[in-house]
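Welcome! Have a look at the structure, then try each task before you read on.

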Amino acid sequence: MDINNFMSTKDYAKTLDKEDPLVSYREEFYLNQGMIYMDGNSLGLLSKRAEKSLMKSLEDWKRYGIDGWTEGAEPWFYFSERLGELSAPLVGALEDEVIMGGSTTANLHQLAATFFEPRAGRNKILADELTFPSDIYALQSQLQLHGLDPSEHLVQVKSRDGRFLEEDDIIAMMTEEIALIVLPTVLYRSGQILDMERLTMEAHARGIMIGFDACHSVGAVPHWFDHWEVDFAFWCNYKHLNGGPGCVAGLYVNRKHFARQPGLAGWFGSRKDKQFDMEHTFTKANTAGAFQIGTPHILSMAPLLGSLEMFAEAGIEQVRKKSLRLTQYLMDLIQSELTGYGFEIGSPIHEAKRGGHIILEHPEAARICKALKQEAIIPDYREPNMIRLAPVALYTSFQEVYETVQVLKKIMDGRLYENYENKRGIIA
């Protein structure tokens, strides 16, 4: 059945599920009976394969002790590189251009310390006003480390409407003063996908290095970082990639930059055959592995192995295809069932610009989110008025999307949100 032949009935949703080529992956995840999880772009659910790969690393620790670094099915000493190889197809990179380790913000610090080279007349960083706050904090501190005032040297592209960014506006800000650009691949609130290829081409035409925060796109949207000649990128693995809370992050560095000295050197960035020579001269790896700093967090990395195996099987193109069908179906239902209740869709309508989640705006958004949770629907709230709904290709069904909108309608008809304060919790 074609999603374009939309009908707002449960039977239609069931038919879509029957025709879903990825439906079998639902059985791979721990789904709580009676609960609909729509927060996969904040923290993905646990899969049985992720659990298995974690338990395997625990078993290796139990059995081998220190020799787990070189023994077992996945020796820990090479684990970051192994996960980088598995992740490379998801971001359109060569295997040696991706490494797993650190955290999103720590990796941004590493990359900014490496690629931000201010000099007279070119000493500013370009970002945007809609990006995730942690990126701004990191860039501000990097400027301060160079003795530069963030209020003057951090330039942020403004949004025309508070939802989206215009590539033309970003390009207009690529002046001769800009030394580095850091932008999101997908805006964490609206879900807009930026035109990374065009922005990279325009930055390079002006002699500017450019990198992307891919936290809200990796695992949901295909990328071609190497083909686009993106200089660097970084992302977390606990959202669409279901690596678990606090899972290590990932980074990409185009191999044309492998000769660069990491801005923040650490012993796990050493060439593997030299690392345990314990010399005080740093011999960096000739891969993205050079940009590691400390010992990788094995037990926070192990679940990712099982998760990435599923992505290798399913293929990111199939994941993207279903993700678009899910978000389109969700928007169709919202427009069909929730007209007149004060909701506005704050995400791109056109699929080429839409990531893996939908923003639903409402003046009572914080209260509505609390009411949804009371009804066993798990959404995400973002200030100032946004309900973020993320149906995930590998485990969300079309019927669950249907039920979510029906519960929203029930909440609005019964004014059930009035039982709650219109204020976010500590964790929104």
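**Exercise 1. Find the polar partners of the side chain of aspartate 380, and decide whether aspartate 380 is buried or exposed.**

Step 1. Start with serine 42: its side chain makes a polar contact of 3.0 Å with the side chain of aspartate 380. A polar contact is a pair of N or O atoms within 3.5 Å; within protein, one must be able to donate a hydrogen and the other to accept it, and residues adjacent in sequence count only if both atoms are side-chain atoms.

Step 2. Turn to arginine 388, whose side chain is joined to that of aspartate 380 by a polar contact of 2.4 Å.

Before going further, a word on the basis of these values: this is a predicted model, in which local features need pLDDT of at least 70 and side-chain atom pairs count only at pLDDT 80 or more, while totals for chains, interfaces and linings use all residues. Residues are numbered from 1 along each chain as its sequence is written, and side-chain values use heavy atoms, with hydrogens and water left out.

Step 3. Helices (H or I, at least four residues) and strands (E, at least two) are DSSP runs, numbered from the N terminus.

Step 4. Judge the burial. Aspartate 380 has a relative accessible area of 2%, so it is buried; buried means under 20% relative accessible area, exposed over 50%, and partly exposed in between (1.4 Å probe, protein chains only).

Step 5. List the neighbours. Leaving out residues up to four places away in sequence, aspartate 380 touches Asp39, Ser42, Cys369, Met386, Ile387, Arg388 and Ala428. Contact here means heavy atoms within 4.5 Å.

**Exercise 2. Describe how helix α2 and helix α10 meet.**

Step 1. Locate them: α2 covers residues 48–64 and α10 covers residues 298–314.

Step 2. Compare the axes, which come within 7 Å and cross at roughly 140°. Axes are lines fitted to C-alpha atoms, for helices over the stretch in contact, and angles run from 0 to 180 degrees between N-to-C directions.

Step 3. Name the arrangement: α2 and α10 are therefore oblique to each other. Angles under 35 degrees count as roughly parallel, over 145 as roughly antiparallel, 65 to 115 as roughly perpendicular and the rest as oblique.

Step 4. Pick out the residues in contact. From α2 they include Leu54, Leu58 and Trp61, and from α10 they include Ile298, Leu305 and Met310.

Step 5. Sort the contact residues by class: 10 are nonpolar, three polar and three charged. Ala, Val, Leu, Ile, Met, Phe, Trp, Tyr, Cys and Pro count as nonpolar, Asp, Glu, Lys and Arg as charged, and the others, Gly among them, as polar.

**Exercise 3. Which residues make the contact of α12 with α13?**

Step 1. Begin with the geometry: the axes of α12 and helix α13 (residues 398–413) come within 10 Å, crossing at roughly 120°.

Step 2. Read off the residues. α12 supplies Ile368, Ala371 and Leu372, while α13 supplies Val407, Leu408, Ile411 and Met412.

Step 3. Class them: seven are nonpolar, with no polar and no charged residues.

**Exercise 4. Is histidine 240 buried or exposed, and what does histidine 240 touch?**

Step 1. Look in the loop between β7 (232–235) and β8, where histidine 240 is found.

Step 2. Check its accessibility: at 4%, histidine 240 counts as buried.

Step 3. Note the contacts. Beyond residues up to four places away in sequence, histidine 240 touches several residues, including Asn41, His216 and Phe311.

**Exercise 5. Look at the backbone: which peptide bond is cis, and what is phi of methionine 278?**

Step 1. Go to the bond from glutamate 383 to proline 384, which is cis, with omega near 0°. Proline 384 sits in the loop between β12 and β13 (386–389).

Step 2. Move to methionine 278, whose phi is near 60°, a positive value in a residue other than glycine. Methionine 278 is in the loop between β8 (250–253) and α10, and is exposed at 52% relative accessible area.

Step 3. Alanine 376 is partly exposed, at 23%.
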